Amino acid sequence: MTAICNKDHFYMQQAIDLAKLGRFTTTPNPNVGCVIVKDDQIIGKGYHQKAGEPHAEVHALKMAGDEAIGATAYVTLEPCSHFGRTPPCADALIKAGIIRVVIAMQDPNPNVAGNGIKRLKEAGIDVTIGVLTEQAEAINKGFLKRMRTGLPYVQLKLAVSLDGKIAMASGESKWITSNKAREDVQQFRAQASCILSTRATVQADNASLTVRYYQLPDEIKKIYLPEKIRQPIRVILDSQDQLIGTENIFNQPGETWIVRKKDSLIAKQNTKLIIESSSCKQINLSKLFALLAEKQINSVWVEAGAHLAGALIEQDLVDELIIYYAPKLLGHNALDMCILPNLQKLSLAPQFEFESIAMVGDDLRVILKRKSLATL
């Protein structure tokens, strides 16, 4: 195996930056970038843009043309080795005459899982694995978790006051945070496979739960036209069959999935019914997430009230907590950010680790990662 060098890091970073360009469009596929280098010059580059369309390696090889013979390919994820909706990328690299492939990480997808690497090596190609692996994993948290655990990556968003309140006692909550914070949320929504909420939130807020293109940052709008921005699926918990079909979500672009405990009529366009049939009276969240993963949902963005937020935290189902703090106080009568009715001891309090802290307009955005119950 060729020794990892600073050049490998440099070119792999270029591939990772390319991969990030697909984060609004590729689901359920992973974000993948590829750079082809010859004589210390980039001769080809590409990224995967949409499921069913050519992979990153194909775009890069097309740009490189015949110059690919004798070149090195830098790929953020192991090249595929199976026929899916597109031919194997490992075969394309071999056929193009690539002599070395540098891979950030092995693909955990059981359809690939080392077979692409094996095929390249059997063809006599020099393969280096493990360059900027941590950075490559960071751009595919949802895909990797689904492949490794059978569950999606769950992000819980909360917009709160300094004293941790999400609304006044009357329910008034528009708007606790600034317009800049709400614009920031649009980026997260756009990257999610689905947005999870509840019937109560949908009806109380008359919510749309869509990506609003006009609120996306200019750097994103320079790359993507409005029709290219994918609307995440809206997944709405409705265990008591109380949605009536006139709510705002049913008139929005994209799909809406209604989760209920039993079969019932949903006569709305682009709306599907998901039956969660466990013996519990309420929706079993763990089983729901497993069901969503089976339906190729990589990541779940949660926007809901204190009851669902508390249930997700209490059941250790939150991978990432994203809190927007507004510089205001709502007082002790206001509504709390999450309800944890079974928490009786400080030693059992859910614990998180700070990932990042940033100012967003006048507000503070804090991103935290859950410490697994198994490690406490």
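Contact here means heavy atoms within 4.5 Å. This is a predicted model, where local features need pLDDT of at least 70 and side-chain atom pairs count only at pLDDT 80 or more, while totals for chains, interfaces and linings use all residues. Residues are numbered from 1 along each chain as its sequence is written, and side-chain values use heavy atoms, with hydrogens and water left out.

Q: Which residues is I98 in contact with, beyond its neighbours within four places in sequence?
A: Setting those neighbours aside, I98 touches I36, L61, A68, A71, A73, L93 and I125.

Q: What makes a set of residues a nonpolar core, and which have the most contacts inside the largest one?
A: The members must be buried Ala, Val, Leu, Ile, Met, Phe, Trp, Tyr or Cys residues, joined through side-chain atoms within 4.5 Å. Buried means under 20% relative accessible area, with exposed being over 50% and partly exposed in between (1.4 Å probe, protein chains only). The largest such core has 41 residues, and M12, I36, I98, V101 and L120 have the most contacts inside it. Helix α1 (residues 6–20) gives the largest share, six residues. A second, separate core has 36 residues, including L158, A167, V235 and V366.

Q: How do you know what counts as a helix or a strand?
A: Both are DSSP runs numbered from the N terminus: helices are H or I with at least four residues, strands are E with at least two.

Q: Why are β11 and β15 said to stand at the edges of the sheet?
A: Strands pair if DSSP finds at least two bridges between them. Nine strands make an open sheet with mixed pairing, in the order β11-β10-β9-β8-β12-β6-β13-β16-β15. Both β11 (271–275) and β15 (352–360) have a single partner strand, so one side of each has no neighbour in the sheet. From one strand to the next, the twist averages 25°.

Q: How do you know that β10 and β11 pair?
A: The rule asks for at least two bridges, and five join β10 (residues 256–260) to β11, so the two strands count as paired. They run parallel. Within this pairing, W257 has K272 in β11 as its bridge partner.

Q: What is the angle between helix α10 and β9?
A: Their directions make about 155°. Axes are lines fitted to C-alpha atoms, for helices over the stretch in contact, and angles run from 0 to 180 degrees between N-to-C directions. Helix α11 (residues 306–314) runs at about 135° to β6.

Q: Why is the pair R365 and D184 called a salt bridge?
A: The term needs a side-chain nitrogen of Lys or Arg within 4 Å of a carboxyl oxygen of Asp or Glu. For R365 and D184 the closest N and O atoms are 2.9 Å apart, so the pair qualifies. R365 is in strand β16 and D184 in helix α7 (residues 179–191), 181 residues apart. By this rule the count comes to 18 salt bridges.

Q: Are R260 and D238, another salt-bridge pair, buried or exposed?
A: R260 has 4% relative accessibility, so it counts as buried. D238 is buried too, at 1%. Their closest N and O atoms are 2.8 Å apart.

Q: What makes K261 buried?
A: Its relative accessible area is 18%, which is under the cut-off, so K261 counts as buried. K261 forms a salt bridge with E276.
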